[in-house]
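Opening the notebook on this one.

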Amino acid sequence: MFIYSLSGLELKDTGQQAVEIEENETTARSATYQVFGRFFAGADDEHYEMATSDQWTKEFATAVELLSFDFDPGSAPSADSVSKDDYLAEFARVFQGTPAIIIAGSHFDDAEQNLAEVVRFYEYFGLQAGDESDRPPDHLGTECDFMQFVTFKEAASPSERLAGSYRRAQLDFHDRQLSLWIPGFTEKVSAAGTLDVFNWAAEHLAAFVAADHAHIREVTGG
Amino acid sequence: MTSVLHPETGETQQVAMVFDLNKCMGCQTCSIACKVLWTSEEGEGHQWWMTVNTQPGLGTPKGWEDMGGGLEDGKPRPGHQPRREEFGGGWDFNYEEVFYGGKGNSTYLHPVDKGDGTTRWGMNWDEDQGGGEDPNAYYFYLPRLCNHCTRPVCAEACPTGAMYKRREDGIVLRNEEACKGFRFCMEACPYKKIYYNYARHVAQHCIMCFPRLEENVAPACARQCPGRLVFVGMLDDEEGPIHRLVNEWGVAMPLHPEFGTGPNIFYIPPLSPYRLNEDMSIDYETPRIPPEYLESLFGPKVHSAIDKLKSELETVRSGGTSEMLDTLIAYEWLSLFGPYTQDPADLDRSPSKVSVDISAKPTS
Amino acid sequence: MTSGAPRTGSDNRYRQRWAWDSVAWGTHCVDCYPGNCSYRVFTGDGTVRFEEAAGTFAPVEPGVPDKNPMGCNKGAAWSRQLDNPDRITTPLKRVGPRGSGEWEPIGWEEALGILAGSIIDTIETAGPQAVLHEGTPEMTTVVPTHRFMNLLGGTITDFNATTNDFNVGLHITFGKYSPVSSVDDWFHSDLILVWHLNPSFTRIPHAHFAFEARYRGAEVVMFAPDYNASAMHCDLHVPVEPGSDAALALAMCQVILEEGLEDKEFVAEQTDLGLLVRDDTGRFLRESDLDPDGRDDQFFTLAKGIEPHQVLNRAGRGSLKPELPVRLEGSMEVTLADGSRVDVRPVISLLREHLDSAYTPEAVAGNCGVHPDTIRNLARKVAANRTNVLFGAAASKYYHGDLIERSLCLLLALTGNWGKKGTGIRSWSAGMFDGPAIAMAKAQPGVEGTEAVIMGLEMLAAAQKAADPTATDEIASEGLTRLATQMVPPFFHWWANTGYRERWTKEDWHDPSMPRPFESLVEEALDAGWWEGTTKMLSSGPPRVLIECGGNMLRRTRGGRSIVLEHLWPKLDLVAVIDQRMSATGLNADLILPAAQHYEKIDFHIPTPHLMHLTFSDRAQAPAGEALTEWELFARLAEALATEAQRRGLESYKDANGVAHRYDALWSAYTLDGHYADEERLADEMLRDSAQTGALPEGTDLSSARRQGHIPFSGWGILPYAKAQASPFPVGETHTPYRNHVEKGDPYPTLTRRAQFYIDHPWFLEAGEALPCHKEPPAMGGDHPLKITSGHCRWSIHRMNIGNRLLLQTHRGTPHAVVNPDDATARGVSDHDEIEVFNATGGFVVRAKISPSVRPGQIIVYNGWESYQFPGWRGPNEIEGGMVKWLHLAGGYGHLNYTPTAWQPATVDRATRVDFRPAADSWTTTTTEEG
């Protein structure tokens, strides 16, 4: 059974119940975005512990199991060569500083316009940005959350037409967000000379986004 | 004669326009497009470099066709300098008084009469009045702007040398810093398409939207014309529609060629519905607009042009094709504009970037 | 391209004028139809500098000219409205008497407090239905006003009756009036009949398709009394006596039938001309006549049996394709359920007799002033060519406009001229952009709310189809028209509150065939229940608060500003006008609230199959001064109502339907719990909702609109107007409506399920209008020698831009009346003299413009002028009687039942009788009136 779990986003309609649904190829996509979302949401003690054990590897392996397209996350390089404090500092240096900032807007010409567009996406599909001030709506972790949600909603849709709407939302979000900035972001991570595990996560994110984009383009005929 | 063409090259390219009067609706979009861009500042209120008038009519300035100027037998013909009231227009209205003056309906909105006669005429005062008698009334629309003449008598008449004809495209322009406001140009121009700026004390006229041409954008009057009837391009471009309409098919002709200045604005003359007989049956032989009236405007060549248009219409009505009419249809809007097809919205025209360095010498 | 460029300071001066630092998309969201021009709005330092037609429309069909550039003089001068001196930028409170022009600028809090206070007073004493908004078809104002008024429980009058912009005769014929071809489809015509339209004035952006069709080989014919700006581009100008067009068209029909030129198959299949009519009653033969349990709406045709037998054949309700070939000749005797025998014959047999008896070309020449040879010649041309009637909303403004339109439809029917490219007759449509309707109907924002609305509509349609298995998608969606609006016909409000009763009961201003006094007919119609549910304005007492937003009642009400000021104004505790600019109504208001101009807000133009794209307008600059968008303004009014109610200790009230409303819930209902408080989000929601229905391409949202400016529609969507097009959605080709009827045999939404030319409603039979006929325009305004025809001008969109300084310079700067030189001379009037135009209704003073293009006996005062441009603020509506045709009170008959924006009585003005004389000096010095 699969249930979505949002961190940077909230349901607009708080009366809405989160339902559990059978796992399938669509929930696998949702689950994968969930794990990427957690990885890029921010580093903390747990993040470090997962990076020094094989926990990230396991989580990804479980998530991708039912995917209908090829995507192999492989094994996450261990971060045990650095201390927790250094790990946290490096995450902050790379992703919150200039090397590869993790906010979509900084990868677009008009950050303000892009932010508005992202927020409108969330709103139309029943979500709103949470009030954590360090997680703007166009934070990578939040964008992954959104993809996690709309793929879940697709899987849980009572009607084929509504499922189609959620699929279309995924394609549009790929076209206008992820596929536009993730490849460049990944290159910047690589150029930042950072920990292997961060490089690994960024590269696999780019690979997954590309594969998922191709997949959704194919199923929507877009 | 004083030549203001470019003696160093001996030849010039000439920008020209063709207006298809069979598509003109008299809507004044061209006039507004021009005015909004170029004559919205102080001293320009009455200036309309582009106008459309109802023919027959007195037009603008009032009775301009009889004001002289131009050339006769190659020599300048005396001309009248149109007075401010002959242009009319440039009105102020009593908005404040009507809306906020506390006078209720004892007043109403109208142009304020300043006692200078300017409220008795305007750029389009005799709109849709026309000629003929019921049931055979007739009129048509004639858009007019500076003809950017091959022999610009305005420039020849200018004692300060402020006016010149641009080499690369034949546009007639004025260095307003050199203009002393003597207004000999206004006397000399037989089309009376030059205006005086009473605030800056310089004359002004159509600049053929040269800042736009410099960016390959068609002039505002042409590009905004909803009737799709204004062709712009180089007269000498033998492949272009203007050359073909003017020289090959002979259906486009200048206004008042007898004025002798070699206008570079050409017109497809107007067809018109058939006349009605006294018993209201239709006289399928006679057009509403008397051919002799058209001849008085466009010269004797107008008859063969009308015949050509009619025979081409016959051809397509009986299932044939006509390259000439297809050209006039302008299936693709941009085909009207020759080399000037750039979309202005794609340009960077930040105010800081658009001026050219006036101290530099032109390169050739 | 600096090579050889001149090097003078003055050249740079001009270069600097053509400069900007940003570009936005813009259009002009007023009731400019079909409009949809797309502009680029150029700004510098956050201020609009100028605009230019975008010219970015892709070609639609190979071999058809593209739509570029689309624009006009008004569009090109729109930026000049931003700071024109008639612009309102701060709330104003009246401090002198109404109409005195004495104002005090106030803040929003005070202004909304006054309005909220007055609304609450009204709710508490008279009920919310006494808060009146006169409906108006301005996209910008429709959504906020309708949402607010519906939530409040107020009254909105049907905007199509206040303007009379719908084609009654088309509705009578087709059961709908909104199918229109795309403007580029005109290019496919071989014969274009320009009739009751002056495209050079009112279709400036699109008229080229007609003139270009001529270059392709089409003939273009203008039917109009006057020689006009479009006549010059026609092959023939046929001057018609004002209001006699039906006679002319019917004579052409007579010629076609006499010469056997009719398209028999089309007539038999698409129209009711093959249906059988009883000789004894003049009513259709119905199944219920033959069998007491039979249907009242099942009709019959003759079919050919083995000679000499004829077969009585059921006319299919679910399909036009007959099982047996329809016989258009002959008659038959049938036995009714009661055993009696009666002769029946097809409608076309009655029609032939009708036309032969009164409509030969010779017989009508005296009525319409057209030579019989011309009539015959034109009739043969129509029969032989793909013919398109380029038509407007002018005919419907004649008393007998319905007869004119029905006659034109008959001409097209006999010649098979609809449902294929380059044919048909046009009115207007506003379908396809589903977003606003869905966004307003949603119970929750977002895609799931949208899905719930769409599913609801599908269930409704399914229920309709279950009840009537012959219903097509189009017919099943009809009920939605009534659900989607809470507008009421203004007729009953006018009758009760505005002093029209005195006019309408003047028998000699009606057609002589009016069988009983007007008042009796109103009573009959009410007693018959034909207007049930729409008459609350009769019983609920007069309105107390008037909110004008987008409209301009004092300018446009046929019958005059004076009548409204005299009868309605004293009943109103508060007149609030929300506008961008000072209007005639604003000048007589108590409160004026400044609205954002079109370049100052996000909006969309009226969507229409005429253009097939949605046109977006962005906020190119911030609203001037204190101005607010209408959307925000009503949100703030909702808040002000809650505040004021709380201050007074009030919580809730009930509306006329017994529905309870809470004052403090209004804002959250209006904004859908705050979701729509952000106008960008609202616009985005509307676009995404439209993509959900398939009307806009998948993935369309606000960002796409900002990129493209105009978005081609991708499907019909869910709105009834769009479904009424009854054609496959065109891809890569022009749009032609009615193709499903003609190609597939889908039935029409009329009583007989056919294009219906015979209306056997008892009142129509009584009026002698069962078949289309010609009737002279009644002597509205009294027995005067001149007929006023008028129509829209080229300088304004209704009143919008009529006070624009720049556009005023392109004519004489003041209103004028165009008169023939003979009429002027006879009255001692010279060009530009002030004349008084008068009749028994009233009078106004205007400058004369003398032109032979207007016929003797005709006078034109183009529409759009504000009352305050005339001495004494009396404009041309002062001489309009504002009569309504009594027959349009009929109901209870198939498609002749109240239909919002369509079937209902509306006021007319054309061919009102007037005279003129040189104005007396005293006219220019009238004193302030009391309002």
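**Entry 1: chains B and C**

How much area is buried between chain C and chain B, and what percentage of that do carbon and sulfur atoms give? I looked it up in what is a predicted model: the buried area comes to about 10,400 Å², and carbon and sulfur atoms account for 56% of it. I also counted who takes part: 127 residues from chain C and 123 residues from chain B. Of the 2 pairs of chains that touch, B and C have the most contacts.

Next I went for the charged pairs. I get 14 salt bridges between chain C and chain B. One of them joins the side chains of Arg17(C) and Glu41(B), with N to O at 3.1 Å. For polar contacts, I find 71 residue pairs across the interface of chain C and chain B, both residues at pLDDT 80 or more.

**Entry 2: chains A and C**

On to the other contact. Here I count 27 residues from chain C and 16 residues from chain A. The buried area between chain C and chain A is about 1,900 Å², and carbon and sulfur atoms give 43% of that. I checked where the chain C share goes: Val447(C), Glu448(C) and Arg688(C) lose the most area to chain A, together 28% of what that side buries.

I found 8 salt bridges across the interface of chain C and chain A. I noted the one between Arg168(A) and Glu698(C), whose closest N and O atoms are 3.1 Å apart. The polar contact count between chain C and chain A is 16 residue pairs, again both at pLDDT 80 or more.

Which elements of chain C give two or more residues to the side that touches chain A? I get three names: helix H17 (446-467), helix H29 (679-693) and helix H30 (702-708). H17(C) supplies the largest share, 8 residues. By class, I read 5 nonpolar, 8 polar and 14 charged residues on that side of chain C.

**Entry 3: chains A and B**

No contact joins chain A and chain B; their closest C-alpha atoms lie 16 Å apart.

**Entry 4: helix H15 of chain C**

I picked H15(C), residues 401-414, and compared its span with the expected one. Its 14 residues reach 20 Å from first C-alpha to last, close to the 20 Å expected at 1.5 Å a residue. How many of its residues are buried? I count 14 of the 14, so H15(C) is largely enclosed by the rest of the structure. After the helix comes Gly416(C), where I read a positive phi, near 65 degrees.

**Entry 5: Glu630 of chain C**

Is Glu630(C) buried or exposed? I get 5% relative accessibility; buried means under 20%, so Glu630(C) counts as buried. Then I listed what Glu630(C) touches, leaving out residues up to four places away in sequence. The list has Thr140(C), Thr141(C), Pro144(C), Cys549(C), Ile578(C), Ala595(C), Lys601(C) and Tyr670(C).

Terms used:
Residues are numbered from 1 along each chain as its sequence is written. Chains are lettered from A and ligands numbered from 1 in the order in which they are written. This is a predicted model: local features need pLDDT of at least 70, side-chain atom pairs count only at pLDDT 80 or more; totals for chains, interfaces and linings use all residues. Side-chain values use heavy atoms; hydrogens and water are left out. Contact means heavy atoms within 4.5 Å. Buried area is the accessible area (1.4 Å probe) that two parts lose on being put together, summed over both. A salt bridge is a side-chain nitrogen of Lys or Arg within 4 Å of a carboxyl oxygen of Asp or Glu. A polar contact is a pair of N or O atoms within 3.5 Å; within protein, one must be able to donate a hydrogen and the other to accept it, and residues adjacent in sequence count only if both atoms are side-chain atoms. Helices (H or I, at least four residues) and strands (E, at least two) are DSSP runs, numbered from the N terminus. The expected span of a helix is 1.5 Å times one less than its number of residues. Buried means under 20% relative accessible area, exposed over 50%, partly exposed in between (1.4 Å probe, protein chains only). Ala, Val, Leu, Ile, Met, Phe, Trp, Tyr, Cys and Pro count as nonpolar, Asp, Glu, Lys and Arg as charged, and the others, Gly among them, as polar.
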